[in-house]
Amino acid sequence: MSFEPSVITIDGPAASGKSSVARLVAQRRGAIYVNTGNMYRAMTWAVLQTGIDPHNAEAVRLAAEGITLQSPVVDGQTQVAVNGHTLSQDDLNSDPVNRGVSLVARVPEVRARLVADQRALADLGPLVMEGRDIGSVVFPDSPLKFYIDASEEVRSARRRAQGHTDQVAERDRLDSTRKTSPLVVPDGAIVIDNSHLTLEGAVQAVLDALPASPLT
Ligand code: CDP
Ligand code: CDP
């Protein structure tokens, strides 16, 4: 059965709080949570397994053609599997993936495939989907768009507190300057700077901006 797409979009820079906010908003609104960054991370993990240099866009394009991703829904959120093998958060957040993901994500053919997969997920029912281009490219007609921001200092500190080594500023630079679907504040998006908000405060700011029953 097919539903009219009903998607809350959440975009923003690295470590701004998008995933945590999106997961909680989805739980509270009975929607499926989709982390599209994990799809780009899974593709990067698989590309790195082939031994190619992610700086080589043509090699990435060719390697990606042989990789199949699945997004099964488990406990109200999508997981990512590569050629049938479900990846762990340790795989997805490893240092090599952090270093390579923005290079893989700038390849237009990789984006075209993942955007098609992301749009198809709307057939499953209401979604809260977060990433970099969800309100601008994947679901530009959604009336429910958010952009979650925080200062670079706060974002780097949040990532360090999670125990990950991450090149937050370098990924932001690549993500904001690439030709295909750069990170932007989507037209019509509500911007929430949560530098000085608790996680619960940021979730509440999103919920407060939603109409009473946006997903029915
Ligand atoms: O969680 P964090 O903000 O650190 O990153 P992520 O959401 O896991 O995304 C990892 C990378 O995937 C980003 O730095 C982008 O290069 C890419 N990405 C993208 O290009 N488009 C999306 N919709 C989501 C992620
Ligand atoms: O998905 P994204 O990379 O944008 O960020 P995240 O992984 O959801 O958040 C990074 C860390 O910041 C997590 O440990 C969140 O719990 C924390 N966070 C926070 O302390 N206060 C907020 N207002 C938002 C997130």
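**Around the ligands**

Let's start with Lys18: one of its polar side-chain atoms lies 2.7 Å from an oxygen atom of ligand 1. That is a polar contact, a pair of N or O atoms within 3.5 Å (within protein, one must be able to donate a hydrogen and the other to accept it, and residues adjacent in sequence count only if both atoms are side-chain atoms). Arg111 also places a polar side-chain atom 2.7 Å from an oxygen atom of ligand 1, while an N or O atom in the side chain of Thr36 is 3.0 Å from a nitrogen atom of the ligand. Taken alone, ligand 1 exposes 530 Å², and the protein buries 97% of that (accessible areas come from the Shrake-Rupley method with a 1.4 Å probe; for residues, only the protein chains shown count as cover).

A word on how to read this: the model is predicted, local features need pLDDT of at least 70, side-chain atom pairs count only at pLDDT 80 or more, and totals for chains, interfaces and linings use all residues. Residues are numbered from 1 along each chain as its sequence is written, chains are lettered from A and ligands numbered from 1 in the order in which they are written, and side-chain values use heavy atoms, leaving out hydrogens and water.

Now look at the whole shell, meaning residues with a heavy atom within 4 Å of the molecule. Ligand 1 is surrounded by 19 residues, with Lys18, Arg41, Arg159, Arg171 and Asp175 the closest. Helix H2 (36-49), helix H5 (95-104) and helix H9 (168-177) each supply at least two residues, and H2 gives the most, with four. Helices here are DSSP runs of H or I with at least four residues, strands are E runs of at least two, and both are numbered from the N terminus. By class, this shell has nine charged, six nonpolar and four polar residues, where Asp, Glu, Lys and Arg count as charged, Ala, Val, Leu, Ile, Met, Phe, Trp, Tyr, Cys and Pro as nonpolar, and the others, Gly among them, as polar.

Next comes ligand 2, with 14 residues around it; Lys18, Ser19, Ser20, Arg159 and Leu197 are the closest. One of its oxygen atoms is 2.9 Å from a polar backbone atom of Gly17. An N or O atom in the side chain of Arg158 is 3.3 Å from a nitrogen atom of ligand 2, and a polar side-chain atom of Asn194 lies 2.9 Å from a nitrogen atom of this ligand. On its own ligand 2 exposes 540 Å², of which the protein buries 79%. Helix H1 (18-29) and helix H8 (152-161) are the elements giving two or more residues to its shell. H1 gives the most, with three. Here the classes are seven polar, four nonpolar and three charged residues.
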